[in-house]
Amino acid sequence: MTRTTPMTWSDTISHSLHLPTPLFTSQTRRFRVWCASHQSPKGNQMIISITGATGFIGRRLVQRLHADNHSVHVLTRSKSKAEEIFPVKDFPGIKIAGEPEWKDSIQGSTGVVNLAGLPISTRWSSEIKKEIKESRIRVTSKVVELINSSTDDTRPKVFVSATAVGYYGSSETQVFDEQSPSGKDYLAEVCREWESTALRVNGDARVALIRIGVVLGKDGGALAKMVPLFMMFAGGPLGSGKQWFSWIHLDDIVNLIYEALLNPSYKGVINGTAPNPVRLSELCEQLGNVLGRPSWLPVPDFALKAVLGEGASVVLEGQRVLPTQAKKLGFPFKYSYVKDALKAILS
C-alpha cells in the first residue's frame, strides 16, 4: 500500500481523546446507547478496516484503535511492509489483508477509514501528477465498490475518507471553511475527484470527508522535511513568508478521525486543521525558537524548487482554512496554537 497522504507539501499532504469530565460522562452514555443498537461483536468494540495504514497518520490511528481494544484490519498492497510496521508481538490480533482479501475484511467491519495515496512532496513530472491523482481515485473507488457490494447485514455503517485542504486552492487573503468553493489548480482538481469518488458510497453508510491540513508530528510529515532545511539554511521564512499555513497536530487529526468513527453527528465535510492557522513566517519563527536556531534568513524559492520541483507550489502558495464544523461539533483540540504543538513535538 502506498503511504498515507492527505495532501499538503509534506510527506503526508501535506493519545487519548481529551474531554472535560462532565462532557465525557454524557458522551460515554450516548456512545453506549448507539453501540447497543449496532451489530458489533463485543458490545462497544469496533472492527475498523484502514487503507493507508502504514503511512504517517495511519500508523498512529492503528496504534490508537489497537490500544483501545478495537479490531483493526490493515488493507495493504504490500503485506511484507505492513507486517514489518505492525509486528505480531506488538500488535496481536491485527489482521493484515492483501488486496485479494480486502473484500472479506470490509464486509463485517463496523467502519472503514480511507487514507491511501502517493506522497505529493516529490518533484512533479506529468507521470507523477497522474499517479498522485490515480493512486487516490483507484483505492477510494475500490473501497467504495466493496462497501456497496456488501449485503445489508455486513455493510460498514461509517466511511471516513481523507481529502485535503488543497481542495480550496491557494490565497494569501481569503479565509476558507467547509462552505467555500473549490479552487482551480491541480490539487483542487485532485481533491474534487477524490471526494466525488468517496461520495458514491451506498446511502446507508454515514460518510465523513476530512480535509486535512499540514500534519505536524514526530518522525514524518511536514516537520521531517522542514527541520533539515531549517538546519541547513539556519532557518527562516520559506518564500515570501506571507503564505498561510493550515496545520494540525498528529494527535488531533487521529482523534478527529477516531471521533468521526464513533459519533453519528460527524458527517459530510469536516476540515482537519487547527483553529489558529499561521503565516509561514510565524511558523518558521516559532520553529526557530523551539530548535534554538536563528530564523531571520529566508529560504529562497529556488532552494525549495530545487528540492521539490513543481511540488514546491503547495508550500509557496498556501491557504487559510478554519475548522468551523469541528468546532460546531465541540471537538476538543489538544493543540490550538502552533507554538504549543511544536514544543510538544520537538522538546
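Tutor: Keep in mind that the model is predicted. In soluble globular proteins, nonpolar side chains tend to be buried together. Here, the largest nonpolar core has 50 residues. Ile50 and Ile253 have the most contacts inside this core.

Several elements give two or more residues to the core. Among them are four strands: S1 (47–51), S2 (71–75), S5 (158–164) and S7 (206–212). H8 gives the most, with nine residues.

Now take Ile50. Set aside its neighbours within four places in sequence. Ile50 then touches Leu61, Val62 and Leu65, among others. Its contacts also include Val72, His73, Val74 and Leu75. Val113 and Leu115 are in contact with Ile50 as well.

There is also a second, separate core of 19 residues. It includes Ala274, Val278, Val338 and Ala341.

Next, the rings. The model has four aromatic pairs. One of them joins Phe86 and Phe91. This pair is edge-to-face, with 5.2 Å centre to centre and 85 degrees between the planes. Both Phe86 and Phe91 are buried.

Tyr168 and Phe176 make another pair. Their ring centres are 5.3 Å apart and their planes lie at 20 degrees, so the pair is stacked. Tyr168 is buried, with a relative accessible area of 3%. Phe176 is also buried, at 3% relative accessibility. Ring pairs link Tyr167, Tyr168 and Phe176 into a cluster.

Key
Residues numbered from 1 in each chain as written. Predicted model: local features only at pLDDT ≥ 70, side-chain atom pairs only at ≥ 80, totals over all residues. Heavy atoms only, no water. Core = buried A, V, L, I, M, F, W, Y, C linked by side-chain atoms within 4.5 Å. Buried < 20%, exposed > 50% of the residue type's maximum accessible area, 1.4 Å probe, protein only. Contact = heavy atoms within 4.5 Å. Phe/Tyr/Trp six-rings, centres within 6.5 Å; stacked < 30°, edge-to-face > 60°.
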